[in-house]
Amino acid sequence: MARIIVVTSGKGGVGKTTTSAAIAMGLAKKGHKTAVIDFDVGLRNLDLIMGCERRVVYDFVNVINGEATLNQALIRDKNCNQLYILPASQTRDKDALTQEGVGKILDELKKEFKYIVCDSPAGIEKGAHLAMYFADDAFIVTNPEVSSVRDSDRMLGILSSKSRRAEQNEEPIKEYLLLSRYSPDRVKLGEMLSVDDVQEILSLHLLGVIPESKSVLNASNSGTPVILDEKSDAGQAYADIVARYLGEDRPHRFIDEKKGLFGKLFGGR
Amino acid sequence: MSTDSQKNIHHLPVLEFKSSTFSVPVLVLANNDIITIEQQLQEKIRQAPEFFKNSPLVFDLQELNNLDLDIHVTDLINMIRKLGLLPIGIRGGVARQNQQALELGIPVHSGHNARDGGYAASQSGTDAVSTAAAAGSQKQKAPEPESASNPQVATTSTVLLTHPVRSGQRIYAAGDLIILAQVSAGAEILAEGNIHVYGSLRGRALAGVQGNTEARIFCSDLQAELISIAGNYKISEDLNGASLNQPVQIYLQNHTLVIKDI
């Protein structure tokens, strides 16, 4: 049975698109046929992060309007043949999306794909609403600072009251916390909320912590999802997250400060 | 009314009916000795003269009638008026008592479980009496927040939540509200009755929103943005440090919110 995953946060700039790209790539690399959809109509970014911006012909809105078929619009990833990208339209706005249209496309994708990752736009308006409406699982991307945590909480409220599952009284959406841009050093200095602080406020299952990392910006600029950079801490963090989501038991990393040279030599990992 | 203004009445509406809820003290009697009642009532008034001055009052004869103690309603009303209170309703009286009250312009409220001592009027019958009485009296009658003060009604409209109330969510309960998880900052929980939060209370909690001053808020970890009972509120800034992050109960005492450890 296909699962629809929404990557959402409420707040902008916390790493939703980076996460969507990494998660989708991770799932595909594990052999699951995966599609990733950019719901940020008008501010499309996912194709850049995935490095397929020069291959976009048709987009999400074209498919909704019946101007192209789904197969025409889906772009196969150049790194992994199990991964497909459905880009957003840059020339339209969120009003071009309709609940009926989105539902139809997702139903069609469900027949062919194991996982469908929906990259939500920021905010709680139409685009974000439609991105989460049909979801089975939600990845809440949060930065360790108060406004991001507050917005995530708001988004969780919307997930539990305005999604399809909520409206039809089905089993609620499974919610997972992804804490991104985490810096243990700054937590220690009291400049950043700790994992425990965030979990206390949100009381949510922690799927993983992604450390603040230069590799994320490098990956974005080069158009390769950071998960493919297996040497980077952020890449490993996303690999852990995908593994945990698929049911593997992996201990949490990147929560404590980086060890010094001796720690690295003798402390394992 | 002058004849001039009567001409206009046909064209312009000079009145309208609105429904409104008031909070009114109810005098529950357990003894039919008017002298004793007067003495004890006087004593109560002496303790808070400003509170009782010209205060409307509903008297409740339910308990008396349950004990088969009769009371002369006309005398009772005169005594209450003499003490400076304004009786505006009778509740739980038998037919004869209700009739006496009506003759003095006191509306009859269909009390909870109104006993109709031998008159055998149906519940809807007493309702009709009370509506007619309200329309007939010069003063708008003040319906009590019955659903909130009456535990039998409250249990049927209790709302129980087991999942967190998130920022931006608003929960309303016509009776009591019980939450077995946290209430996030930016969330709002409202109840006509009591509020119980068995998690961190970080949002706004408003109990007794229909004016029930007896309503209370209970929480196991107070971090609220705002707490309110029957319109008396405190914001986060007013909460003193000692009660923060503590399990507390909050109730009204002389129109002041009291926060107490539990």
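Ring pairs join A:Tyr115, A:Phe139, A:Tyr176 and A:Tyr245 into a cluster; rings of Phe, Tyr and Trp (its six-membered ring) pair if their centres lie within 6.5 Å, and planes under 30 degrees apart count as stacked, over 60 as edge-to-face and the rest as tilted. This is a predicted model, in which local features need pLDDT of at least 70 and side-chain atom pairs count only at pLDDT 80 or more, while totals for chains, interfaces and linings use all residues. Residues are numbered from 1 along each chain as its sequence is written, chains are lettered from A and ligands numbered from 1 in the order in which they are written, and side-chain values use heavy atoms, with hydrogens and water left out.

**Helix H12**

- Eleven of the 13 residues of H12(A) are buried, so the helix is largely enclosed by the rest of the structure; buried means under 20% relative accessible area, exposed over 50%, and partly exposed in between (1.4 Å probe, protein chains only).
- Among the buried residues are A:Asp233, A:Asp240, A:Arg244 and A:Tyr245.
- A:Gly247 follows H12(A) and has a positive phi, near 105 degrees.

**Aromatic pairs**

- Over all chains, the structure holds seven aromatic pairs.
- The ring centres of A:Tyr115 and A:Tyr245 are 5.8 Å apart and the planes are at 65 degrees, so this pair is edge-to-face.
- A:Tyr115 lies in strand E5 (residues 115-119) of chain A and A:Tyr245 in helix H12 of chain A, so the pair ties together parts 130 residues apart in sequence.
- A:Tyr115 is buried at 7% relative accessible area, and A:Tyr245 counts as buried at 13%.
- A:Tyr176 and A:Tyr245 also form an edge-to-face pair, with 5.7 Å centre to centre and 80 degrees between the planes.
- That pair links A:Tyr176, in strand E7 (residues 174-182) of chain A, to A:Tyr245 in helix H12 of chain A, 69 residues apart.
- A:Tyr176 is buried, with a relative accessible area of 13%.

**Charges over rings**

- A:Lys33 lies over the face of A:Phe113, 5.0 Å from the ring centre; a charge sits over a ring if NZ of Lys or CZ of Arg is within 6 Å of the ring centre and within 35 degrees of the ring normal.
- In chain B, B:Arg216 lies over the face of B:Tyr251, at 4.1 Å from the ring centre.

How values were computed: Helices (H or I, at least four residues) and strands (E, at least two) are DSSP runs, numbered from the N terminus.
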